[in-house]
Amino acid sequence: MDFVSLLAIVSALSSAAVAAFQGTILRRTHEEAEKALAEARKPTVELALREGDLKGLGDYFFDTLGRLPLADYAEDTDARRVVSDAVRNVESFVRADRSSVSDGSETLIQADAVRAEDEIAMGDLWAGLSRLRRRIELALRGAARTADIPVMRMGPSQLLRRLTAEEVVPKSAARPLHRAIGICNRGVHGDYVSSEEAEEALALAADGLAQIGGQ
Amino acid sequence: MQDLTVRQLLDLTTAEVPNTSEHLKKAFEWHFERSMTGVKLLFGAAGSFLVALIAAALKEDIDVAWWQLAVIGASALLTAGIGMWRYKVTRDVYRQYFAALQLLRELESLGPLLRRYQSTYGVWAGSKERER
């Protein structure tokens with residue numbers, strides 16, 4: 001075989017291999033991004049926040065959103081919206097000044113309020129403290145409704161300040177509740193909270209809520 | 001070439017290193033250099049097919065048939081075309097960088113929570129992607 005024929009064969013084979021390789025990579029990346037985006041659209045974050053499921057929340061971020069290529073994230077407005085919504089949702093949940101009670105979830109939270117104690121006793125502090133914080137917020141919202149005070153989407157700390165100022169919540173109840181909310185906020189934010197502190201938050205909340213008839 | 005994913009931003013968020021945007025910039029620089037190396041290789045390969053063909057054609061004792069010319073020319077064009085496409089993708093990496101920078105800022109507010117998740121369920125929690 002002469003040199004030029006060999007060159008023709010080598011060039012044809014190598015360019016075909018490069019094209020096939022690029023095509024396969026492109027197809028796989030696209031399929032992976034589509035799959036990750038389809039999974040990311042499921043209401044996993046809302047469910048995880050409602051259930052106090054830190055593992056579900058972390059898995060969603062690392063295993064579902066984590067699989068999304070940044071190229072797709074940068075170019076696809078839908079992908080950006082899905083990721084932003086998830087981040088904003090969790091951010092507003094962990095932030096101390098926002099309400100953690102989503103619309104329509106009050107009945108559900110009231111029904112499983114007692115689970116906070118079990119979760120803290122079992123060492124699942126994040127779930128227990130987030131549930132306890134919602135429990136306090138719910139009781140404060142109940143008190144505000146009874147006193148006919150509009151509280152809109154205030155978080156538990158703001159609610160407590162407002163209700164204390166309006167003398168709906170007595171100062172003797174506000175102090176333990178304020179401390180309990182502080183511990184809950186730290187735990188929900190992801191900061192270190194010891195089991196003793198979590199137990200203390202439970203006791204303080206029980207004391208404060210008993211005084212405002214929220215238990 | 002492996003694309004950067006949101007996972008790398010999450011790892012950066014939980015790594016507790018100062019100046020994360022500098023680290024992100026470095027990651028994109030590596031990504032850009034790796035990608036440009038691929039582009040240069042593709043253009044180099046396309047060019048070498050043509051140079052070898054021209055060198056052979058200039059030799060008096062070698063006759064180049066039309067099909068050889070067509071195959072080598074088409075291969076060089078295809079390889080250069082892929083190189084061109086990769087160059088365009090690489091050139092647009094700055095858009096990914098800005099989007100990633102913005103997302104990194106948003107994710108930083110969740111840093112303590114994501115670290116709590118990893119410390120509770122292990123550093124390798126959420127590593128399905130790596131297992132695959």
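**Close-ups of a two-chain predicted model**

Chain B is built from six helices and zero strands. Helices here are DSSP runs of H or I with at least four residues, strands are runs of E with at least two, and both are numbered from the N terminus. This is a predicted model, in which local features need pLDDT of at least 70, side-chain atom pairs count only at pLDDT 80 or more, and totals for chains, interfaces and linings use all residues. Residues are numbered from 1 along each chain as its sequence is written, while chains are lettered from A and ligands numbered from 1 in the order in which they are written.

**View 1. Chain B on its own.**
The C-alpha trace of chain B spans about 75 × 30 × 15 Å along its principal axes. Its radius of gyration is 23 Å, whereas a compact globule of 132 residues would come out near 14 Å; this radius is taken over C-alpha atoms, and the globule rule is 2.2 Å times the number of residues to the power 0.38. Buried residues account for 27% of the 132 residues in chain B. Buried means that 20 or more other C-beta atoms lie within 10 Å of a residue's own, exposed means 12 or fewer, and partly exposed is in between, with C-beta atoms placed from the backbone.

**View 2. Helix α2 of chain B.**
This helix (residues 20-58) has 39 residues and reaches 56 Å from its first C-alpha to its last, close to the 57 Å expected at 1.5 Å a residue. That expected span is 1.5 Å times one less than the number of residues. Buried residues in α2(B) include H31(B), V39(B), L42(B) and F49(B). Among the elements covering the buried residues of α2(B) are α1 of chain A and, from chain B, α3 (66-91) and α4 (93-108).

**View 3. Where chain A touches chain B.**
The contact takes 39 residues from chain A and 43 residues from chain B, with two residues in contact if their C-beta atoms, placed from the backbone, lie within 7 Å. On the chain A side, α1(A) gives the largest share, 13 residues. That side divides into 23 nonpolar, ten polar and six charged residues. Here Ala, Val, Leu, Ile, Met, Phe, Trp, Tyr, Cys and Pro count as nonpolar, Asp, Glu, Lys and Arg as charged, and the others, Gly among them, as polar.

**View 4. The largest nonpolar core.**
Of its 71 residues, L129(A), I136(A), A180(A), A201(A) and A205(A) touch the most other members. A nonpolar core is a set of buried Ala, Val, Leu, Ile, Met, Phe, Trp, Tyr and Cys residues joined through C-beta atoms within 7 Å. Helix α8 (residues 125-146) of chain A gives the most to this core, with eleven residues. Domain 1 (3-94) and domain 2 (106-212) of chain A both contribute, so the core lies between them; these bounds come from an automatic or database domain assignment. Apart from this core lies another, of 14 residues, including L7(A), V18(A), L42(B) and V71(B).

**View 5. Two loop residues with positive phi.**
E167(A) sits in the loop between α9 (156-165) and α10 (171-189) of chain A, and its phi is near 60°. E16(B), in the loop between α1 (6-14) and α2 of chain B, has a phi near 55°. Most residues other than glycine have a negative phi. E167(A) is exposed, with 9 other C-beta atoms within 10 Å, and E16(B) counts as exposed with 10 C-beta neighbours inside 10 Å.
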